[in-house]
Amino acid sequence: CGRVVNAIKADPPRKIVAPTPVLPSEPSVKAEVEKPKPASPKVEKVETVEAPVQPESPRVHRSLSVDSKLSCVYIDAPGGRQSLALPPQSEAPVGSETLAAMDIASIAAKLQSENWLAKFLQQAKQATDISATPWSASKRSAGVMVRKVTFTMPVPQDFPRAVTRLVNLPMETKVTAVFRMHQQPDRVLLTVQFCSHDVPYGENFHIHETIVLKPGSCDSVDATRWVEVMWITALPWTHGILKTIIEQKSKADGLCGRVVNAIKADPPRKIVAPTPVLPSEPSVKAEVEKPKPASPKVEKVETVEAPVQPESPRVHRSLSVDSKLSCVYIDAPGGRQSLALPPQSEAPVGSETLAAMDIASIAAKLQSENWLAKFLQQAKQATDISATPWSASKRVAGVMVRKVTFTMPVPQDFPRAVTRLVNLPMETKVTAVFRMHQQPDRVLLTVQFCSHDVPYGENFHIHETIVLKPGSCDSVDATRWVEVMWITALPWTHGILKTIIEQKSKADGLCGRVVNALKAESA
């Protein structure tokens, strides 16, 4: 309460003044001389003076808009300079890299593509709940494009003991970021300023990062990066070590550094200027023959744009095998083909014998229209099931493909060490792609799926394989493998989560439940 009093002293409120009633004015002299008119009743307007509402800290918007007041909070760079002005010479860059075989135009096109930024934040920062405005022209600076993004991301837990004794670190934080880009003939200037709202004293500072891309030698691009911490409000004098750690960690692992690494890992396709198609010269034969009226030749110019990155897999309202979603699930672990058997180093998780069955009847059952949906309902308590029909693969001859999306409950029997790290939802949306190859001596079935709403669910896919071969005495031998494909590594502090995910995936695989369902139906 003493601090409450001190805070009120430091920032005194404005007095609330009682409203002054507005009385009807006396009639003028002119009104007395002129012929009186029936006066209409005058309504007394009284303005209510309320206490001024303090602007709230920037939060995630339900409907983001570039025209909202939020941009004003992020308009200035450190030292009061313009948001797209370069840092002063006294501010040393935190890094410089050379991007080989690239040009600034193609990099700018990639950065401005609709889905690249969201996908980058998912992979680089494990961001969730991403909301973003489209890139829009700035109303303050000509030629500048602006984009505002809000998201939730994990908070690093690798702070020294001296810091964790001062403050309690949350597991995740909401973040508001404003990106600005200015593409000039000889450079591209990109800045991002962001605030982490839920970390201790997160509203006291903004991180302001700058990256300049310039053409280098031998068809390359030189990237120079700066990271600055803007202190909006000073920390308590007792928290000097926290200020030092914040500045050190911000400069050691900047967001723009991850942007450069992402561009290196997935270089954009160069934008080639279109070559105009000119009408051909008339041939000698055409000159000798009787001329015919030539139809006008339409010049077709093909515009080459930067490639649009496929969105993270989501449930489709109208599923199609030809959509881009299949490309996300085309590879098996280790980069092998989706229907290739696991290497010998990968041990099977189980082998069973299905008595009084044959592989032809099993394949027919698996490919029947309703069996898979009924199986998911019974085995996984799945709801909201949408599925394509079984269709022939366009990549591998003889392979049938089926794509399914559904919602299922999330197991809650994780150990305490995991539930302290992450919050488990009650259910999750799942996207699965099934592939089946029926050969004379075997049936090979694979399924690869992703659970989108579990913590770090987009970081990994589960890839399961089952091989059905004829056994002895009219039976079928089933061998199963379960592998976890790590698309993006987890934070090093979450090693136990990775171990638990791999253990639970192998202990209760989907293909194991397929075998049990086939056994139960044949009994």
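**Ser196 and beyond**

Mentor: Ser196 sits in strand E6, which spans residues 187–196; strands (E, at least two residues) and helices (H or I, at least four) are DSSP runs, numbered from the N terminus. This is a predicted model, in which local features need pLDDT of at least 70 and side-chain atom pairs count only at pLDDT 80 or more, while totals for chains, interfaces and linings use all residues. Residues are numbered from 1 along each chain as its sequence is written, and side-chain values use heavy atoms, with hydrogens and water left out.

Ser196 counts as buried because its relative accessibility is 12%; buried means under 20% relative accessible area, exposed over 50%, and partly exposed in between (1.4 Å probe, protein chains only). Setting aside residues up to four places away in sequence, Ser196 touches Thr173, Lys174, Val175, Gly202 and Glu203, where contact means heavy atoms within 4.5 Å.

Another serine, Ser96, belongs to strand E1 (residues 95–99). Ser96 is exposed, with a relative accessible area of 55%. Apart from neighbours within four places in sequence, Ser96 is in contact with Ala223 and Thr224. The C-alpha atoms of Ser96 and Ala223 are 5.5 Å apart, although the two residues are separated by 127 residues in sequence.

Next comes helix H12, residues 371–380, where Trp371, Leu372, Phe375, Leu376, Ala379 and Lys380 are buried. Seen down the axis of H12, these buried residues fall within an arc of 130 degrees, so they line one face of the helix; the arc is that of the directions from the helix axis to the C-beta atoms. The elements they pack against are helix H11 (359–366), strand E10 (383–387), strand E12 (399–409), strand E13 (427–439) and helix H15 (510–522). After H12 comes Gln381, with a positive phi near 50 degrees.

Two of those packing partners, E12 and E13, also pair with each other: the sense is antiparallel, over 11 bridges. Two strands pair if DSSP finds at least two bridges between them. Phe406 has Val430 in E13 as its bridge partner. E13 pairs with strand E14 (residues 442–451) too, in the antiparallel sense over 10 bridges. A hairpin of 2 residues joins E13 to E14, and Gln439 stands opposite Arg442 in E14.
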